[in-house]
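Please open the model in your viewer and keep the selection tool at hand.

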Amino acid sequence: MARLEWCIRKKAYEFIEPNPNLTEAYFKKAEEALKSIRVNTVKDWQIAIAYYTIYFSLYALLMRIGVKCEVHACTLAFIRSFLSEYFSNEDCTFFEQSLQARVDAQYYVDRTVPDEQYQLMLKKAPDVLVQCKDIVQHMTQKKVEQLRGDLRRAMGRGQAKQPKGKK
């Protein structure tokens, strides 16, 4: 919850119109990433590609709901906070560990990603894509409105907690 509050204070979330075209575009990006895992055999790049398969799949859900977020950790905080009906705590922890693995693999030469995490990302990336597509297919407009309302209320509470004079 602390991460969500931080994201709200940083104004990481923006409401947009729910957009089926963007939803499909992000699913397409996830599918393309998944295909490229087979082509690229370098571990660090496979980690990045597997992560982006997962991330684009999750971001497609945000487009279905009409929430824009350009901070990956905040996208994952939204998933953990508002989509627990669809994703377990273990799923959310896996997403967060995958983000950390991607950062470690892409930006640091002195950090290694454990083989267990690497293999898990390769195994689960296609499953996350399928799961997200299923969620989008079955998500009702009523559910979209509820999720938008939940975020709107959380954003209102986040603004209320902000000290005066601070932005």
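Is Ser81 buried, partly exposed or exposed? Select Ser81: its relative accessible area is 28%, so the residue counts as partly exposed. The classes are buried (under 20% relative accessible area), exposed (over 50%) and partly exposed (in between), with a 1.4 Å probe and protein chains only.

The model is a predicted one, in which local features need pLDDT of at least 70 and side-chain atom pairs count only at pLDDT 80 or more, while totals for chains, interfaces and linings use all residues. Residues are numbered from 1 along each chain as its sequence is written, and side-chain values use heavy atoms, with hydrogens and water left out.

Keep Ser81 selected and display its helix, α4, which covers residues 72–82. Helices (H or I, at least four residues) and strands (E, at least two) are DSSP runs, numbered from the N terminus. Ser81 and Asp150 are separated by 69 residues in sequence, and their C-alpha atoms lie 9.6 Å apart in space.

Now display the whole chain as a cartoon. There are 7 helices and 2 strands, and along the sequence they follow the pattern α-β-α-α-β-α-α-α-α. Along the principal axes, the C-alpha atoms fill a box of roughly 50 × 35 × 25 Å. The radius of gyration of the chain is 16 Å, which agrees with the value near 15 Å that a compact globule of 167 residues would have. This radius is taken over C-alpha atoms, and the globule rule is 2.2 Å times the number of residues to the power 0.38.

Colour the chain by accessibility. Of the 167 residues, 44% are buried. Contacts (heavy atoms within 4.5 Å) may be displayed as well: of those with a separation of 6 or more, 72% join residues 24 or more positions apart.

Finally, step just past α1 to Lys11, in the loop between α1 and β1 (13–15). Phi of Lys11 is near 55°, a positive value in a residue other than glycine. With 54% relative accessibility, Lys11 counts as exposed.
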